[in-house]
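Have the sequence and the model open as you read.

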Amino acid sequence: MVPVEFYFVLSALLFFIGVFGFVTRRNLIAMLISIELVLNAVDINFAAFNRMLFPDGQLEGFFMSLFSIGVSAAESAVAIAIIINVYRNFHSDQVNSIENMKY
Amino acid sequence: MFCILAFIILGSAVMCVTTKKIMRAATFLLFVLFGVAGLYFLLDYTYLAAAQISIYAGGITMMYIFAIQLVGKRTLQGMVERLRGCRIIGGMIVSVIGLATVVLVFLKNSFITSSALTDGEEVPMDVIGNALLGSDKYQYVLPFEFISVFLLACIIGGIIVARKEKETK
């Protein structure tokens with residue numbers, strides 16, 4: 001088995017790849033995909049910490065990760081509904097096009 | 001095995017955020033999700049890996065692909081995205097600073113004992129079921145029911161948001 005630090009470094013790398021994508025991309029769906037990367041990094045951390053702290057028995061991080069998967073599914077469904085509605089109104093899917101509510 | 005999975009995950013994630021075409025980004029996201037499911041298998045959390053594959057890879061990626069197809073043909077074909085240099089440099093600086101901080105905290109603390117993960121046994125299914133639907137301490141019936149109500153609210157909200165506006169007057 002690998003040392004537990006490898007999991008943490010991997011999840012930190014994945015998290016900040018997601019942050020980088022969120023900052024650089026200007027497309028709404030691409031930003032949403034970056035958010036999914038961030039959420040997956042957090043889920044890896046929950047599972048790895050649970051395996052490290054409770055090798056047998058409790059399943060705190062396990063269920064936290066499971067519920068996090070469910071919540072992120074719901075979140076992306078609503079976000080895609082909003083994106084489709086925005087595209088229908090503005091005929092564009094770039095964030096720059098939505099400036100009505102900015103000021 | 002871990003190194004192969006880490007290579008797949010990180011390579012696909014980098015390709016996912018740097019590729020120009022949005023459809024390829026969705027495909028690389030699928031690879032990342034499969035890699036994360038492989039990590040759960042490696043940690044002997046088989047149920048979590050199955051949930052990851054069925055919900056993320058089966059559901060969310062499909063939804064992304066349908067959304068991309070709906071949003072438009074122009075987006076699909078070589079979406080020319082003007083990636084400005086200053087924004088890339090800014091994002092790079094933010095990510096590298098954050099990454100350095102987090103990795104330093106992970107590696108230099110004394111809380112995490114630097115031990116290899118013990119080769120735990122697989123969690124039996126009846127333990128998961130009892131914990132998920134029990135109401136004692138460390139059992140999770142309340143979040144379970146709450147998440148079902150939450151999903152219902154999201155279905156209704158999604159329908160209302162994505163519905164075509166009726167012509168008023």
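Are helix 3 of chain A and helix 7 of chain B roughly parallel or roughly antiparallel to each other? They are roughly parallel, because their angle falls under the 35 degrees cut-off. Their axes come within 9 Å and cross at roughly 10°, with axes being lines fitted to C-alpha atoms over the stretch in contact.

This is a predicted model, so local features need pLDDT of at least 70 and side-chain atom pairs pLDDT 80 or more, while totals for chains, interfaces and linings use all residues. Residues are numbered from 1 along each chain, chains are lettered from A, and side-chain values use heavy atoms without hydrogens or water.

The structure holds one cavity of 30 Å³ or more (grid points, 1 Å apart, where a 1.4 Å probe fits but cannot get out; lining residues have an atom within 4 Å of a point). Lining residues come from both chains, including A:Arg25, A:Ser34, B:Cys16 and B:Ala25. Helix 2 of chain A gives the most, with three residues.

| Lining class | Residues in the largest cavity |
|---|---|
| nonpolar | five residues |
| polar | one residue |
| charged | one residue |

Technical notes: 1 Å grid on protein atoms, 1.4 Å probe; cavity = no way out; pocket = protein on both sides within 12 Å on 5 of 7 lines; lining within 4 Å. Points joined across faces, edges and corners; volume = space filled by probe spheres on them. Helix = DSSP H or I, 4+ residues; strand = E, 2+ residues; numbered from the N terminus. Nonpolar A, V, L, I, M, F, W, Y, C, P; charged D, E, K, R; others polar. Axes fitted to C-alpha atoms, helices over the stretch in contact; angles between N-to-C directions. Parallel < 35°, antiparallel > 145°, perpendicular 65-115°, else oblique.
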